[in-house]
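Visitor: I've got a model to go through with you. Can we put it up and start with one residue?

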Amino acid sequence: HSHYDHNGGLAAYLERFSGVTVYGGSVDCAGNQTVPVGDGDQLALGQVPVKVIAVPGHTPDHMVLYAPDNGVLFSGDALFAGSVGGAPSLAAKRELIANIKEKIFSLPASAIIYPGHGPPTTVEIERRANPFFH
């Protein structure tokens, strides 16, 4: 997503490693070097197929990546162990929470969540114990 703590080093990285593809929810991620992706798109991380899931709220362009064959979700700043990402307004926070409930909590309970910050967790733990959903 388009926050400096997740993409601030991209320009320098892309100068050093030309030919790298940058995927993002909008061109705000890496400018004209971003290949925009949207909800339901399929990508590969190396040999691992992943599904792009739009989870706006933290930012309008926030995406998470789900690898169904591995049972792994990379949640960025949408969902953390015991918390959710910040949002610029109450309406955006409500949107984020609704998207997590609909799109992440519908994944298998055993799916391991690797957030953009903090320790890993699982869908089941967050559904049952995350205070933002009770």
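Visitor: Where is Thr121 placed?
Guide: Thr121 is in strand S10, residues 121–122. Strands here are DSSP runs of E, at least two residues, and helices are runs of H or I, at least four, both numbered from the N terminus. This is a predicted model: local features need pLDDT of at least 70, side-chain atom pairs count only at pLDDT 80 or more, and totals for chains, interfaces and linings use all residues. Residues are numbered from 1 along each chain as its sequence is written, and side-chain values use heavy atoms, with hydrogens and water left out.

Visitor: Is Thr121 buried or exposed?
Guide: Thr121 counts as buried, because its relative accessibility is 6%. The cut-offs are under 20% relative accessible area for buried and over 50% for exposed, with partly exposed in between (1.4 Å probe, protein chains only).

Visitor: Which side chain makes a polar contact with Thr121?
Guide: That of Glu126, at 2.6 Å. A polar contact is a pair of N or O atoms within 3.5 Å; within protein, one must be able to donate a hydrogen and the other to accept it, and residues adjacent in sequence count only if both atoms are side-chain atoms.

Visitor: What else is Thr121 in contact with, leaving aside neighbours within four places in sequence?
Guide: Ala81, Ala111, Ile112 and Ile113, along with Glu126. Contact means heavy atoms within 4.5 Å.

Visitor: New topic. Which residues touch the most other members in the largest nonpolar core?
Guide: Val55, Leu79, Ile100 and Ile104, out of 18 residues. Such a core is a set of buried Ala, Val, Leu, Ile, Met, Phe, Trp, Tyr and Cys residues joined through side-chain atoms within 4.5 Å.

Visitor: Which helix gives the most to this core?
Guide: H3, with four residues. Helix H3 (90–104) and strand S5 (63–67) each supply at least two.

Visitor: And another core?
Guide: Apart from that one lies a core of five residues, including Val37, Leu43, Val50 and Ala67.

Visitor: How many bridges join S3 to S4?
Guide: Four, between S3 (residues 42–45) and S4 (residues 48–54), and the strands run antiparallel. Two strands pair if DSSP finds at least two bridges between them. Gln42 has Lys51 as its bridge partner in S4.

Visitor: What about the turn?
Guide: The hairpin has two residues between the strands, and Gly46 takes a positive phi near 65 degrees.

Visitor: Last one. How many helices and strands does the protein chain have?
Guide: Four helices and 10 strands. Buried residues make up 40% of its 134 residues.
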